[in-house]
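Here is a short tour for anyone who likes to check a model before using it. Have the viewer open and follow along, heading by heading.

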Amino acid sequence: MMRVGHGYDLHRLVPGRRLYLGGVAVEYDRGLLGHSDGDVVLHAVCDALLGAMALGDIGQHFPDTDERFLGTPSSVLLQEVARLLQQEGWEVSNLDVTIVAEAPRLAPYRHAMRSRIAELLNVPVEVVSIKAKSNEGMDAIGRGEAIAATAVTLLRERKTTIG
Ligand code: MG
């Protein structure tokens, strides 16, 4: 059995915060506003995985009204989703992420993001794809006011070993 999941997220860029994307600290003069560290990449990945399992969304599992998640690194949220995958008997066949950001340039961070996400999900790095696009100067993302990410994943039923 296989399941497809899709995730999307967008956060505002603001001064005075560190920028985290795909679980990696990115050099920039602004960061993403959010209850957690605002990592849109990990949030989109969590939602894609939860969506494939039909287990709701990130807001349901980690409500931003809950003080326990204030300032929580998004890596902790993804690890919890990885635990749910394990519990529900799924493994990640592949995961494909698109980041939409006008700046900074993300190519130098692509491998680090892939490695970090693969590590958090306990899968080989080849399973994880990261792509980055600009919005050609159009809309809030194009004006550099926000960064968005989408993620698509395919899950397969984990083979159970009997005996
Ligand atoms: Mg978010």
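## Contacts and overall fold

Two residues are in contact when they have heavy atoms within 4.5 Å of each other. With that in hand, 71% of the contacts in the chain with a separation of 6 or more come from residues 24 or more positions apart. Please keep in mind throughout that this is a predicted model.

The chain contains five helices and seven strands, and reading along the sequence gives the pattern β-β-β-β-α-α-α-β-α-β-α-β. Its radius of gyration is 16 Å, close to the 15 Å that the globule rule gives for 163 residues, so the chain is as compact as a globular protein of that length. Along the principal axes, the C-alpha atoms fill a box of roughly 55 × 35 × 25 Å.

## Surface and charge

How much of the chain counts as buried? The figure is 45% of the 163 residues. The chain exposes about 8500 Å², and carbon and sulfur atoms supply 51% of that area.

On the charge side, there are 17 positive and 21 negative charges in the chain, and their mean positions are 4 Å apart.

## The magnesium site

Which residues coordinate the magnesium ion? They are D9 through OD, H11 through NE2 and H43 through ND1, at 2.1 to 2.2 Å. In sequence these donor residues follow the spacing D-x1-H-x31-H.

If you are setting up the site in your viewer, the atom names to pick are OD of D9, NE2 of H11 and ND1 of H43.

Is S75 buried or exposed? S75 has a relative accessibility of 13%, and the cut-off for buried is under 20%, so S75 counts as buried. This serine lies in helix 3 (residues 74-88).

Leaving aside residues up to four places away in sequence, S75 touches L42, R116 and L120.

## Backbone features to look at

Most residues other than glycine have a negative phi, and most peptide bonds are trans.

A54 has a positive phi of about 55 degrees although it is not a glycine. This alanine is found in the loop between helix 1 and helix 2 (58-61), and A54 is exposed, with a relative accessible area of 56%. A54 and M1 are 53 residues apart in sequence, yet their C-alpha atoms are 14 Å apart in space.

D139 is not a glycine either, and its phi is positive at about 55 degrees. D139 is found in helix 5 (residues 139-142) and, at 42% relative accessibility, counts as partly exposed.

Where is the cis peptide bond? It joins A103 and P104, with omega at about -5 degrees.

Note on methods. Residues are numbered from 1 along each chain as its sequence is written. This is a predicted model: local features need pLDDT of at least 70, side-chain atom pairs count only at pLDDT 80 or more; totals for chains, interfaces and linings use all residues. Side-chain values use heavy atoms; hydrogens and water are left out. Donors are N, O and S atoms within 2.8 Å of the metal (3.2 Å for Na, K and Ca); water is not among the atoms, so sites may look incomplete. Helices (H or I, at least four residues) and strands (E, at least two) are DSSP runs, numbered from the N terminus. The radius of gyration is taken over C-alpha atoms; the globule rule is 2.2 Å times the number of residues to the power 0.38. Buried means under 20% relative accessible area, exposed over 50%, partly exposed in between (1.4 Å probe, protein chains only). Accessible areas come from the Shrake-Rupley method with a 1.4 Å probe; for residues, only the protein chains shown count as cover. Lys and Arg count as positive and Asp and Glu as negative; His and the chain ends are not counted. The place of a charge is taken as NZ of Lys, CZ of Arg, CG of Asp or CD of Glu.
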